[in-house]
Protein chains: 2
Amino acid sequence: MRNVLHAKCVTCGKIYDAAPGLTNCTCGGILDIIYDYDYIKSHLSKADLAGRQEHTMWRYREMLPVEDCTELPPLRVGWSPLYQAGRLASQLGIRQLYIKDDGINPTASLKDRASAMAVAKAREAGAKVIACSSTGNAASSLAGNAAAAGLKTYIFVPSRAPKGKVAQLMAFGATVISVQGSYEDTFALSKAAIDRWGWYNRNAAINPYLSEGKKTVGLEIMEQLQWVVPDYIAISVGDGCTIAGLWKGLKDLYAIGFIDRLPRLISAQAEGCCPLNRAIKTGEDWRPMAENTLADSIAVGVPRNADKALLAIRESNGLAVNVSDQEIMDAQKLLGRTCGVFGEPAGVAGTAGLKKLCEQGKIPANATAVSVVTGNGLKDVANAIASCGEPVSIPSDMDQLLKAFAERGIPLE
Amino acid sequence: MRNVLHAKCVTCGKIYDAAPGLTNCTCGGILDIIYDYDYIKSHLSKADLAGRQEHTMWRYREMLPVEDCTELPPLRVGWSPLYQAGRLASQLGIRQLYIKDDGINPTASLKDRASAMAVAKAREAGAKVIACSSTGNAASSLAGNAAAAGLKTYIFVPSRAPKGKVAQLMAFGATVISVQGSYEDTFALSKAAIDRWGWYNRNAAINPYLSEGKKTVGLEIMEQLQWVVPDYIAISVGDGCTIAGLWKGLKDLYAIGFIDRLPRLISAQAEGCCPLNRAIKTGEDWRPMAENTLADSIAVGVPRNADKALLAIRESNGLAVNVSDQEIMDAQKLLGRTCGVFGEPAGVAGTAGLKKLCEQGKIPANATAVSVVTGNGLKDVANAIASCGEPVSIPSDMDQLLKAFAERGIPLE
C-alpha cells in the first residue's frame with residue numbers, strides 16, 4: 001500500500017508494518033493507520049472525485065488502506081444520501097441541518113462500511129473465516145458482506161439483540177452464538193474463540209482497519225457538502241469506533257487540504273449507558289457502566305475504543321450530550337415525520353442529542369449541522385411500534401371510518 | 001410535458017390529456033401514458049446517460065411523465081445495485097444471473113419508485129394530501145416519500161400487514177387505517193374515502209403515472225447491463241403493476257433503439273394466490289382467488305392491474321410459475337447465503353420462480369437471467385426467523401461453546 005506508512009499504537013506509539021492481520025499493540029493499545037499524505041495529495045484531487053462514477057465508499061480508494069490488487073467485496077456499500085432537512089432545521093432553530101441516512105446501506109447500517117473493509121482485508125490475509133462480537137449491526141453487516149464474498153462467519157451477539165438483526169444473521173447463513181449476558185460477556189467469549197481458532201478478527205476496536213472503513217462516512221459528508229465544513233456533526237456513540245472513524249476521515253481531508261477547518265463533534269450517548277460522555281464531562285478516565293437503554297446498538301458499558309473516541313471528541317472541541325430513551329424515540333418520530341427517514345433507536349440518538357443541545361441554547365442559531373442516522377428503523381420494529389403507536393383498526397365500512405376519525409379528532413378537509 | 005403525447009385507455013383506446021390527476025377511463029379501463037419517442041430519441045442518448053452524476057430514478061427524466069419545472073421529491077429513490085451472482089447462477093445451472101436489490105430504496109422496497117412519482121405528480125396537481133390502499137410497501141413508501149416532501153397521507157392497509165411495514169407508516173406520521181379484511185376490502189374502503197374527500201390517488205392501478213415510476217427498474221437493469229439484453233427477467237407479481245411497469249420500461253428502451261430485443265418475463269406468483277398466472281396458463285380470463293400465502297405483498301386475490309400485467313407477460317412470451325411458501329422461504333435463505341441479499345418473502349418470489357423453472361428444465365443452461373428482489377427482508381422479520389431458525393444460545397463460557405458446536409455438528413478448522 002503506497003499510501004500507507006505504517007500502523008502506530010495510540011497508547012505507546014509503537015510502530016507496526018501494515019499487515020492485513022493486525023490486531024492490538026503488545027501494550028494492549030489500539031493501532032491507528034498512518035498515511036503518507038503527500039502521496040495521497042499527489043494522486044487525488046477534488047476534480048478526480050467529481051468525475052468518478054463509483055458511488056460507493058471505494059471512490060476514496062487512494063485514502064483507504066487496501067492494496068491496489070485487492071478484489072473489493074461485492075455489496076454496494078456507502079455513498080448514502082445526505083438530505084437537506086430544512087423543516088427540521090427550522091424546528092430546531094438552526095440555520096441548516098443535513099441528515100446522512102446510513103440506514104440505506106446493504107444490510108441497513110453504517111457498520112457495512114467497516115464490514116466491507118474487513119472482507120477486503122480478510123481476503124488480503126487469505127482468510128476463509130471472519131468472526132466478531134457485536135451488539136447486532138456489526139454482526140449483520142459482517143454476515144451479509146462475507147456471504148456475498150463467499151466467506152464463512154462466526155458471530156457473537158448478546159441475547160438482547162433485536163429480532164431484525166438476528167433474522168438478518170440467520171438469513172445470511174452465519175453461525176450465530178447468542179450470548180446470555182451483557183455485550184462485555186459477548187465480547188469476552190468472541191475473543192476467546194477467535195484466539196483459539198485463529199479466525200480473522202472483525203472486532204472494530206481490535207482490527208485497526210475497520211475505523212478506516214467507517215471514516216468514509218466523513219469523507220462522503222464533506223464531498224456531498226462540496227467541501228463546505230459544517231459547524232457540527234452529531235453521531236451516536238457506543239463502542240467509540242464510529243465517532244473515531246468519522247473523525248479520522250475529517251482529519252485526513254484536512255491533512256490533504258480538501259477542507260480548511262474541522263467541525264465540532266457532538267457525541268450522543270444514552271443516559272442509561274454513557275461511560276464516554278461521563279469521562280468527557282468529568283475529565284476523568286472512563287469507567288464501566290450498566291447497559292440501561294433500549295438503543296441496543298449503543299448499549300455498551302465497556303467501550304472497546306474509548307481511547308480513540310475520547311481523543312476525537314476532545315480534539316474537535318466536541319460536545320457530549322446524554323439523551324433519555326424517551327428523547328431517542330421522540331427523535332425517531334421527528335425524523336420520520338419531517339424527513340421521511342426511519343432510523344433505529346441508536347441510529348437517531350445523534351439527532352436526539354442535537355435537538356437537546358439546541359433546546360438548551362448550546363448551539364447558535366446561525367449554525368449548520370449534520371446528523372448521521374446510523375441504522376434503519378426496520379432493525380428494531382418492536383420499539384418503533386411501542387413508541388409510535390398502532391393504527392386505527394376498523395372493518396371495511398365508511399360509517400366506521402367516519403366514527404373512527406371523529407373519535408380520534410382527525411381533521412378532514 | 002413535451003415527451004408525452006397523451007394517455008390512452010388499454011381497454012377501449014380512448015385518449016385523454018395527460019393531466020396530473022388522471023385516474024381510470026370512463027369505461028373502467030386502465031390508462032397508459034403514451035410518449036413521443038422521436039422527441040425522446042432526439043433529446044437522450046446512451047452517452048448522455050453514461051455521463052450523468054444523478055444516480056436516482058430521475059436520471060431518466062426525458063423518459064418520465066413529469067414537467068420540466070416540477071420539483072422532484074427529496075428522498076433518493078432508485079439506481080439500486082445490480083449484483084452479478086455467479087455462485088447462485090452455478091447452483092441454478094445457468095450461465096449468468098444478476099440480482100437487482102430494490103430493498104435498498106429509502107423505505108426498503110421497489111414501491112418507492114411509484115411513490116416518488118406520486119409525490120411529483122401530486123405536487124403538479126397542487127394536492128396537499130395523498131392516499132392509497134396497499135398490502136404494505138406502497139403504503140410505507142408513500143408515507144415516507146410524502147413526509148419528506150411535507151405532504152399529508154391517509155393510508156389503508158389490510159390488518160395482516162407485517163409489523164415492519166406498519167412501524168414505518170407510524171414513524172412517517174401517516175394516518176393509518178388498518179382494515180379488518182382482505183386486500184380487496186381494504187381497496188374498497190380506500191376508494192370510497194378517496195372519492196369522498198378528493199385526496200390525490202396513489203393507487204397504482206388507478207393512477208397511470210405510477211407504472212411510469214416503476215418502469216425505471218427496467219431502465220436501470222438495462223443500463224447496468226450496458227444495454228446487453230438478458231434472456232429472462234424474473235419478478236414477483238401481485239396487483240400486476242410492477243411487472244407491467246417493468247415491461248413498459250423495456251418497451252420504451254426498445255422503441256428508442258437503446259436495446260435491440262426484449263427479454264422474456266418470468267411472472268412468479270404464490271401457489272395460494274395466483275389469479276394472473278392461472279389466466280396465463282389456462283388462456284381464460286382471470287378470476288378472483290383467496291389470499292393464501294405468507295408473501296403478503298403479493299397476496300392479492302383481485303389484481304387491480306390485471307389487464308396491463310397479462311398483456312406484458314403475453315407480449316414478452318413470458319413464463320408463469322407458481323411457488324409454494326416453502327419455496328419462497330428457501331429462496332430467501334439461498335439469496336442471503338450466496339449473495340448477501342436479504343429479501344422479504346414476496347421480494348424473493350421471483351428468485352424462487354426462476355429456481356423452480358431451472359429445476360424443471362425450462363430455462364436453457366446458456367441463459368442469462370435477472371431476478372428483481374422487490375423488498376427488504378427486514379420488513380417481515382417474523383417469517384424470516386420462522387424460516388431461518390434461531391441462533392445457538394449459551395452463556396459466555398468456552399466449554400459451553402464447544403459443547404454447543406459439537407451438538408450441532410458445526411465443523412471448526
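**Close-up 1. The residue after helix α10 of chain A.** In this predicted model, A:G257 follows α10(A) and has a positive phi, near 80°. Confidence in the chain can be judged from its scores: chain A has a mean pLDDT of 95. In chain A, 100% of residues reach 70 or more.

**Close-up 2. Helix α10 of chain A, end to end.** The helix covers residues 241-255. At 1.5 Å a residue, its 15 residues should span 21 Å. The end C-alpha atoms lie 21 Å apart, which agrees.

Close-up 3. Among the buried residues are A:C241, A:I243, A:L246, A:W247, A:L250 and A:L253. The buried set also includes A:K248 and A:D252.

**Close-up 4. The contact of chain B and chain A.** Each side is listed by its residues: 79 from chain B and 79 from chain A. The two chains bury about 6,500 Å² between them, 63% of it on carbon and sulfur atoms. B:R76, B:W197 and B:L378 supply 11% of the area that chain B buries against chain A, more than any other three residues. The model scores ipTM 0.95 and pTM 0.96.

**Close-up 5. The relation of the two copies.** A rotation of 180° with 0.0 Å of shift along its axis superposes chain B on chain A, with an RMSD of 0.0 Å. That is the relation of a two-fold axis. The copies meet through the same surface, because 100% of the interface residues of chain B are also interface residues in chain A.

Key. Residues are numbered from 1 along each chain as its sequence is written. Chains are lettered from A and ligands numbered from 1 in the order in which they are written. This is a predicted model: local features need pLDDT of at least 70, side-chain atom pairs count only at pLDDT 80 or more; totals for chains, interfaces and linings use all residues. Side-chain values use heavy atoms; hydrogens and water are left out. Copies are superposed by least squares on the C-alpha atoms of residues with pLDDT of at least 70 in both. Contact means heavy atoms within 4.5 Å. pLDDT is the predictor's confidence in each residue, from 0 to 100. Helices (H or I, at least four residues) and strands (E, at least two) are DSSP runs, numbered from the N terminus. The expected span of a helix is 1.5 Å times one less than its number of residues. Buried means under 20% relative accessible area, exposed over 50%, partly exposed in between (1.4 Å probe, protein chains only). Buried area is the accessible area (1.4 Å probe) that two parts lose on being put together, summed over both.
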